[in-house]
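Welcome! Take a look at it first, and then read on.

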Amino acid sequence: MRAKKPPDPRAQARKAALNALKRARRTADKAGVELSEWEGEFLGSVAQRIETYGRAFGDPEKGGAGQAMSVNQTLKLKEIAAKAQGKGKGGERKPMRRGTGFGRPRASRAEPEET
């Protein structure tokens, strides 16, 4: 019995990226959300480049070796998908709070009332 070949990670990344692009467009169409001209063009051009070249970016510093889209393209896709789902802007989050580090916890800053 022959052993199966391990799956090609580049092919898997390519297929996953194409599915994510199609899913974002399909979700927007289903929900009746109007994508801007730029967003529609972005989805189409990224899909076309992935189908043609196997990845949507040329500079290897912009993404991982086995990835089909760059980090920024992935972020934009997530924002478009969030817009299509009606979650507002996808990238907006609360800013991170500044931590106290490794020091001891301080007592509350409220001052005692004077009588």
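Predicted model: local features only at pLDDT ≥ 70, side-chain atom pairs only at ≥ 80, totals over all residues.

- The crossing of α1 and α2 is left-handed.
- On the α1 side, the contact is made by R14, A17, L18, L21 and R25.
- These residues meet G40, L43, G44, V46, A47, I50 and E51 of α2.
- Sorted by class, this contact of α1 with α2 has 7 nonpolar, 2 polar and 3 charged residues.

**The nonpolar core**

- The largest nonpolar core contains 19 residues.
- Within this core, L21, L43, V46, I50, M69 and L77 have the most contacts.
- Helices α1, α2 and α3 (71–84) each supply at least two residues of the core.
- The most comes from α1, which gives 7 residues.
- Leaving aside residues up to four places away in sequence, M69 touches A17, V46, I50, F57, T74 and L77.

**The whole protein**

- The protein has 3 helices and 0 strands, and along the sequence the pattern reads α-α-α.
- Of its 115 residues, 22% count as buried.
- Looking at contacts between residues at least 6 apart in sequence, 56% join residues at least 24 apart.

Note on methods
Residues numbered from 1 in each chain as written. Heavy atoms only, no water. Left-handed = near helix turned anticlockwise from the far one by under 90°. Helix = DSSP H or I, 4+ residues; strand = E, 2+ residues; numbered from the N terminus. Contact = heavy atoms within 4.5 Å. Nonpolar A, V, L, I, M, F, W, Y, C, P; charged D, E, K, R; others polar. Core = buried A, V, L, I, M, F, W, Y, C linked by side-chain atoms within 4.5 Å. Buried < 20%, exposed > 50% of the residue type's maximum accessible area, 1.4 Å probe, protein only.
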